[in-house]
Amino acid sequence: MASTTTRDQDPSEPESAIKTARRQLQQAADHLDIDQNVIERLKHPKKVHEVTVPIERETGEVELYTGYRAQHDSVRGPFKGGLRYHPDVTREECVGLSMWMTWKCAVMDIPFGGAKGGIAVDPKDLSESEKEQLTRRFTNEIRSVIGPTKDIPAPDMGTDPQTMAWLMDAYSMQEGETIPGVVTGKPPIVGGSEGRDSAPGRSVAIIAREAIEYYDKDLTATSVAVQGFGSVGSNAAKLLDDWGANVVAVSDVNGGIYDANGVDTHAIPSHDEEPEAVLTHGAPETLTNDELLELDVDVVIPAAIGNVLTAENADDVAADIVIEGANGPTTSAASAIFAERNLPVIPDILANAGGVTVSYFEWLQDINRRAWSLDRVHDELETEMLAAWQGVREEFEARDVTWRDAAYIVALSRIAAAHEMRGLWP
Ligand SMILES: NC(=O)C1=CN([C@@H]2O[C@H](COP(=O)(O)OP(=O)(O)OC[C@H]3O[C@@H](n4cnc5c(N)ncnc54)[C@H](OP(=O)(O)O)[C@@H]3O)[C@@H](O)[C@H]2O)C=CC1
Ligand SMILES: O=C(O)CCC(=O)C(=O)O
């Protein structure tokens, strides 16, 4: 597999999401005949909104938080992307994540651009009513730049369907009418889609299944380790388990559990049910998050935070396939090492794209005021994921590139064509 970043160039780590995203963009662009002006434009967000969000804590003190909404590109449709509550949220991280959303929507061929937002806060430090206050105030601060045809937020790390319901309500109250399409990932009772919550994990499992078959392995004889047991990790682990894979390790922020005979994925509470609960589940062995990534398994799925596969551990990753459940889990230096080792890494912008795909289904349901059944959501997601997998696989086979470059080539070709058709600078 060819990679234009080499081990010797070894970009310094930890690299910011924006730097990684730009490096990946240029690397894919080098394989295509695209106007370099378009590429330069795509290295920058269209707009970044930064706001201060004050809330009154239950102690009576007023605390100020910083929130962002980065809007990267909207040439193919409204900005779209999640909202993250995490202490490490920064402007640069939101911009990098918004770029990945642009490519993700294009890989899936859905009519959205890319955005990402967040608040630098540890949601575990806040009570339920403080989180509600924070979400409502943040929504008011960004109200003029979001909307069903402008920019549509969704869940990401640290946010959930309840957060989206508060966002929808705060926006709707100001607009004077109920506008479910302003946000996706809501509970179905207020216009959310069945299956949105589990969709990113489901797509990770579907893509893992296809990759396992592509590399001539039998799913029922495949061992899997999953880092992170939240919306993405827990659903991917449970589905692969249901399909017969041997899920031998899972983890949360405190570390993981290992059982060579397979852990009972359905018996472990997910982050949503009970945060930090993995280690409370009895298992023959425990391990650190770093050890999990180096387990000698067939498939490893980092599905928590970014930058966990680095120059430091890339040579020690013993799995045969890496499926990126998280956004940006692999640094540029680690990508170069994996390419040199011929270790397939199926990229985030394809593997976890089920989330935004079912968000698109939700948006369609909101416009039509007509809910789909869970079976329909699953069927249509399966169809979309297989079509995207096939498109990326064709590029992978036709060119001597990594899976990441292949996915970028599909995405970038569509985005560049749209820019050129609309006149370069929309
Ligand atoms: N939610 C979505 O729709 C989508 C999310 N993603 C990406 O997937 C990743 C996970 O998101 P999501 O599942 O929603 O997040 P959640 O908040 O639902 O869960 C996060 C999980 O990761 C664990 N975790 C947190 N920090 C660490 C750490 N340092 N090391 C190991 N585990 C850690 C948490 O542990 P604990 O329970 O102990 O807190 C929890 O199990 C993110 O990169 C996100 O951007 C991608 C596509 C869609
Ligand atoms: O559903 C969405 O709109 C976006 C989900 C998301 O943030 C992501 O895929 O990273």
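Predicted model: local features only at pLDDT ≥ 70, side-chain atom pairs only at ≥ 80, totals over all residues.
View 1. Strands count as paired if DSSP finds at least two bridges between them. Residues are numbered from 1 along each chain as its sequence is written, while chains are lettered from A and ligands numbered from 1 in the order in which they are written. Local features need pLDDT of at least 70 and side-chain atom pairs count only at pLDDT 80 or more, whereas totals for chains, interfaces and linings use all residues.

**View 2. Parallel pairing around β6 and β10.** Strand β6 (residues 223-227) pairs in the parallel sense with β7 over five bridges, where Ser223 stands opposite Asn246. β6 also pairs in the parallel sense with β10 over four bridges, with Val299 as the bridge partner of Val224. β10 in turn pairs in the parallel sense with strand β11 (residues 321-323) over two bridges, and here Val299 stands opposite Ile321. Both faces of β10 (residues 299-302) are covered, since Val299 and Ile301 on one side and Val300 and Pro302 on the other are all buried (20 or more other C-beta atoms within 10 Å of a residue's own, C-beta atoms being placed from the backbone).

**View 3. The largest nonpolar core.** This core, a set of buried Ala, Val, Leu, Ile, Met, Phe, Trp, Tyr and Cys residues joined through C-beta atoms within 7 Å, has 125 residues, of which Val107, Ile207 and Ile323 touch the most other members. The core draws at least three residues from each of domain 1 (44-179) and domain 2 (199-351), with bounds from an automatic or database domain assignment. Not counting residues up to four places away in sequence, Ile207 touches Ile323, Ile346, Leu350, Ala351, Met385 and Trp389 (C-beta atoms within 7 Å).

View 4. Of the 29 residues around ligand 1, Gly228, Gly230, Asp252, Ala304 and Gly355 come nearest, a residue being near if its C-beta atom lies within 6 Å of the molecule. α7 (231-242) and β7 (246-252) each supply at least two residues of this shell, and α7 gives the most, with three. Around ligand 2 there are 13 residues, the closest being Gly82, Ala154, Gly355, Val356 and Ser359, and β3 (79-86) and α11 (354-368) each supply at least two residues of that shell.

How values were computed
Buried ≥ 20, exposed ≤ 12 C-beta atoms within 10 Å, placed from the backbone. Contact = placed C-beta atoms within 7 Å.
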